[in-house]
Number of protein chains: 4
Amino acid sequence: MEKHSASNDREPKFRRRAGARPDEVLDAALHLFTEAGFERTTVEQIAHRAGLSKAAVYLYFPSKKALLAGLVRRAVVPLADRALAQITSYQGDPRPVLRAVMTQIATNLTDPSVLAVPKLVLREAVTAPEIAQMYREEMLDRVLPALTALIAQGVAGGHIRAVDPSLTLRSLIGPVFLHILLAEVFGILTGGELAMQALIDNHLTLLFAGLEPEGKA
Amino acid sequence: MEKHSASNDREPKFRRRAGARPDEVLDAALHLFTEAGFERTTVEQIAHRAGLSKAAVYLYFPSKKALLAGLVRRAVVPLADRALAQITSYQGDPRPVLRAVMTQIATNLTDPSVLAVPKLVLREAVTAPEIAQMYREEMLDRVLPALTALIAQGVAGGHIRAVDPSLTLRSLIGPVFLHILLAEVFGILTGGELAMQALIDNHLTLLFAGLEPEGKA
Amino acid sequence: MEKHSASNDREPKFRRRAGARPDEVLDAALHLFTEAGFERTTVEQIAHRAGLSKAAVYLYFPSKKALLAGLVRRAVVPLADRALAQITSYQGDPRPVLRAVMTQIATNLTDPSVLAVPKLVLREAVTAPEIAQMYREEMLDRVLPALTALIAQGVAGGHIRAVDPSLTLRSLIGPVFLHILLAEVFGILTGGELAMQALIDNHLTLLFAGLEPEGKA
Amino acid sequence: MEKHSASNDREPKFRRRAGARPDEVLDAALHLFTEAGFERTTVEQIAHRAGLSKAAVYLYFPSKKALLAGLVRRAVVPLADRALAQITSYQGDPRPVLRAVMTQIATNLTDPSVLAVPKLVLREAVTAPEIAQMYREEMLDRVLPALTALIAQGVAGGHIRAVDPSLTLRSLIGPVFLHILLAEVFGILTGGELAMQALIDNHLTLLFAGLEPEGKA
DNA sequence: GATGAATGAGCCTTCATTCAT
DNA sequence: TATGAATGAAGGCTCATTCAT
């Protein structure tokens, strides 16, 4: 179904921006979907924002829903890749690596255009399970196990307390998630700014202290 | 077609139960909104599910949006009240109280009909800011400060480490939130069940250890 | 079909205003129909204004349209009667009588509650031909011929010029009609007030001079 | 049902005549509005009569009300222009000019498609004041003052009696107006035909005689 | 490749009318 | 007599999608 792929990589000079069009459409769609949700966004609006006619959108995407899918697919793979690259298969105390990963994740999510995609996925997951599944497969099922493994290795090596790695993963990321959510959805900020770094510092101080091997203290 | 008949054959065409009707409509709306989202749910569907005609819905609620608002309002106040009742203005180490509150919150959210409302609010907050605001005012602005104060008091009394109470609140609840989200939206479970109690145990063990006053350890 | 008639003339003391109800409904209907037109007025509004329930309106009138009909019928007969009483079968120069009649008509139409009915008839005549016909039969076909005859008699007696009585009737009343219309519908006034008496004076001075028998001048 | 097919069998399902479409829609709307009034006319009916789908109507007009407005605007300006062209800024006895203008107005209003617009305006003015105002601004406020000035000039030049020009204007046009109204709304004719010319002859004979300067007679 | 024109299906909302009480 | 409750039948408007050009 998806048409905007392959074969577009040569960019002839005499066809205006031909290759870039689908991407521009996705950009427009992302912006509008994020602002108003999938249902409340019309194909017309997307076309207008991308500088095309409504019909032209259907040249690149077979349906409105395909736009959503294309959107998520485009964003999710590099996002996951970037995250995975950080999580080297480390041997030793995982806490420094976890701190680095957390900071990177947090930084990424501070960029509105990056945050937009998970936000959108969250919103539309209920009505578009394919989207949820894609996000799960391409993102969560790649990144979360890697992080879990990192924790498990730390436990195995005795670097951190004997915790359940899967559950501890939630203890690790959950606060960042909630922090963003309170700010983005309900406008509840601490201090006055997002203060993401402060959150991470406070959180990891607590959590990493809690992870200290029991006997060691 | 679909003249909502069947199974109704002991009831006359016109009933007369005024009192309970609005609640029945809200029940129907909650169910459908949660399943398919606000936009994808028809007033007709709601009416059908509540056993009334479309027009009758408008006897009780002036608009579709008023249904959403009424829904949230109905659920949110008792929910917040129940939570607040738990958070007694305790003096002393806040950790036992926090554990109790966390367990209660988690238990509540395990009930699908209770979880449905925040889930719905989350979904529709972007396009219906009034809903987000109502939820914030009636729920978040009542419960979160109470919890924050509890933590702050613990810090002041030297019962826990000198953390930022607001940020620490996120460390406290975030994991529960993420846990539910992964399960509900993406079907990602640990073990095979929701295992909410296990999550709380693991999380609080870590967090409460991390909160131990520094010198004490 | 009409139910509010006969048999109501005894007014038992222990039934609140029973006999007056239909009239109150008609009053309410007249007010609202005049203000917003028949279509834009809901039975609910009429009921509310009359201080009854919607269903009660249907106790007195079988349909919304019957309200319109009842309304016009109630107003039109006395109106026509009053006008006819004035047009005595005079012998002689009809001009003094015509002046008196014109003044009376004009005075009547200055009363908003009297003007309301023809205004309403005019508006609804297109879609409710029965109404137009009733107005014609009960009002126009009684009053206009009487006035025409008055003019004809004046011509026959040589009191006024040999004009076509029917057409002259239009010359007589038309200006009053247009004057009201410009004021009521378009807010176009002369001077600043309705100035109905000034219009009649100016008009009849002209017209009556024009009616002077030819040789006589 | 009623899939507006038949008789269209030489036309493909999708046509492409952009330019003329809005006008065709207005034509259809005028016809239906005049026959049944604004409220009783469905957009569907208009679309059907214009040979389009309901949705296509909204391609050209943003709302049903905009149809009414567009309709009046389209008709009113040329109508006023034509009338104004006639009313040359004459110096001298205004009666010949007035006679010409009256005849032209009467002739115009005899054409049903021309009469339709003022008739419609009259009907809908109460509930759509914008329409009344537009009609007033584009039509009445242009034509009536011009006629009034013509009369005033005649008075000033001593060509006609010292009358109030504004009020006399009503004496001039009112009868034509009433004549049409009785015929159109109530089916009251003189003779058997509209006999518009006879009315004007009779009326102007009277009126112009009445306007004769006093001393002169 | 690109678009203006068009539409079928559907949705929210309204309202005259009915009926059990 | 009076009404609260209920509904069938529209009606205005929107929108994803299609097609001729």
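Contact here means heavy atoms within 4.5 Å. Keep in mind that this is a predicted model, where local features need pLDDT of at least 70 and side-chain atom pairs count only at pLDDT 80 or more, while totals for chains, interfaces and linings use all residues. Residues are numbered from 1 along each chain as its sequence is written, chains are lettered from A in the order in which they are written, and side-chain values use heavy atoms, with hydrogens and water left out.

Let's start with D:K64, which sits in helix α4 of chain D, residues 64–86 (helices are DSSP runs of H or I, at least four residues, numbered from the N terminus). Leaving aside residues up to four places away in sequence, D:K64 touches D:F33, D:F38, D:E39, D:T41, D:V43 and D:Y58. D:K64 is buried (under 20% relative accessible area, 1.4 Å probe, protein chains only). Even so, D:K64 has no salt bridge, a term for a side-chain nitrogen of Lys or Arg within 4 Å of a carboxyl oxygen of Asp or Glu. The nearest side chain of opposite charge, D:E39, is 5.3 Å away.

Across the interface of chain D and chain C, the rule finds three salt bridges.

Conventions
Helix = DSSP H or I, 4+ residues; strand = E, 2+ residues; numbered from the N terminus. Buried < 20%, exposed > 50% of the residue type's maximum accessible area, 1.4 Å probe, protein only. Lys, Arg positive; Asp, Glu negative; His and termini not counted.
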